[in-house]
Amino acid sequence: MGLVRIATAFCVALLLTLATPVTAWNRSPATQFATLPPGTAHPEGITADARGNLYVANFDVSGNTSVGTIVVFDRSSGRWLRTLQINDASALLLGIGFNPVTHDLLVIDFGKQQVLKVDPQTGKSSLFAAIPGGAAAGPNGLAVDAAGNVYISDSFQATIWRTPPSGGVPVAW
């Protein structure tokens, strides 16, 4: 019995001697990357394109804009590149992302309970999916799997909706 205790104590001491110290992730203060252009006040969703440029969906509850806007920033400098006006959208844009399979830019329009496919250069949009439930729907986030299927969270109806990569009628997942 004494030999087991001595061996255990030796192993513990050896492990403590050889172990590297545990350190926490460096949580230094965040720094400002970019300044939102005038008329943009409520950034919600954010995504990057293949070149790393950042696309920021604006959730304008203030009424400064009558249509949805997406602000695009240069990845390295934070310089404002352009603001896309999404004429078919409400001013309440949330989740945004590029589908890695189709390369489509998708954005959730919370105000119209829909997901739009948006041209990342011009802002021209088309309907990707209308969320079932009308005003009872509350789409807010999206994700895309490796096959390109799109998943849309709906916090008002406690549902995750799924569409194929090309969009269409969402089905409860």
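Strands here are DSSP E runs of at least two residues, helices are H or I runs of at least four, and both are numbered from the N terminus. Two strands pair if DSSP finds at least two bridges between them.

Before going on, note that this is a predicted model: local features need pLDDT of at least 70, side-chain atom pairs count only at pLDDT 80 or more, and totals for chains, interfaces and linings use all residues. Residues are numbered from 1 along each chain as its sequence is written, and side-chain values use heavy atoms, with hydrogens and water left out.

**Stop 1**

Now select 54-58 and 68-73. Strand 2 and strand 3 pair there in the antiparallel sense, over 4 bridges. Pick Leu54: its bridge partner in strand 3 is Phe73.

**Stop 1: the salt bridge**

Select Asp49 and Arg51. They form a salt bridge, with the closest N and O atoms 3.7 Å apart. The term asks for a side-chain nitrogen of Lys or Arg within 4 Å of a carboxyl oxygen of Asp or Glu. The structure holds 1 such bridge. Buried or exposed, which is Asp49? Asp49 is buried, at 11% relative accessible area. Arg51 is exposed, at 54%. Buried means under 20% relative accessible area, exposed over 50%, and partly exposed in between (1.4 Å probe, protein chains only).

**Stop 2: the sheet 9-10-11-12**

Another open sheet of 4 strands has the order 9-10-11-12, again with antiparallel pairing. Its edge strands are strand 9 and strand 12 (171-172), and each pairs on one side only.

Select 139-144 and 150-154. Strand 9 and strand 10 run antiparallel here, joined by 5 bridges. Val144 stands opposite Val150. The hairpin of these strands has 5 residues between them, and Gly148 takes a positive phi near 95 degrees.

Move to 159-163. Strand 11 is joined to strand 12 by 2 bridges. Arg162 stands opposite Val171.

**Stop 3: the rings**

The structure holds 4 aromatic pairs. Rings of Phe, Tyr and Trp (its six-membered ring) pair if their centres lie within 6.5 Å; planes under 30 degrees apart count as stacked, over 60 as edge-to-face and the rest as tilted.

Select Tyr151 and Trp173. The pair is edge-to-face, at 5.1 Å centre to centre and 70 degrees between the planes. Tyr151 lies in strand 10 and Trp173 in the segment after strand 12, so the pair ties together parts 22 residues apart in sequence. Tyr151 counts as buried at 16% relative accessibility; Trp173 counts as exposed at 63%.

Then select Phe59, Phe110 and Phe156. Ring pairs link them into a cluster.

**Last stop: zoom out**

The protein chain has 1 helix and 12 strands. Its C-alpha atoms fill a box of roughly 80 × 40 × 30 Å, taken along the principal axes. Of the 173 residues, 38% count as buried.
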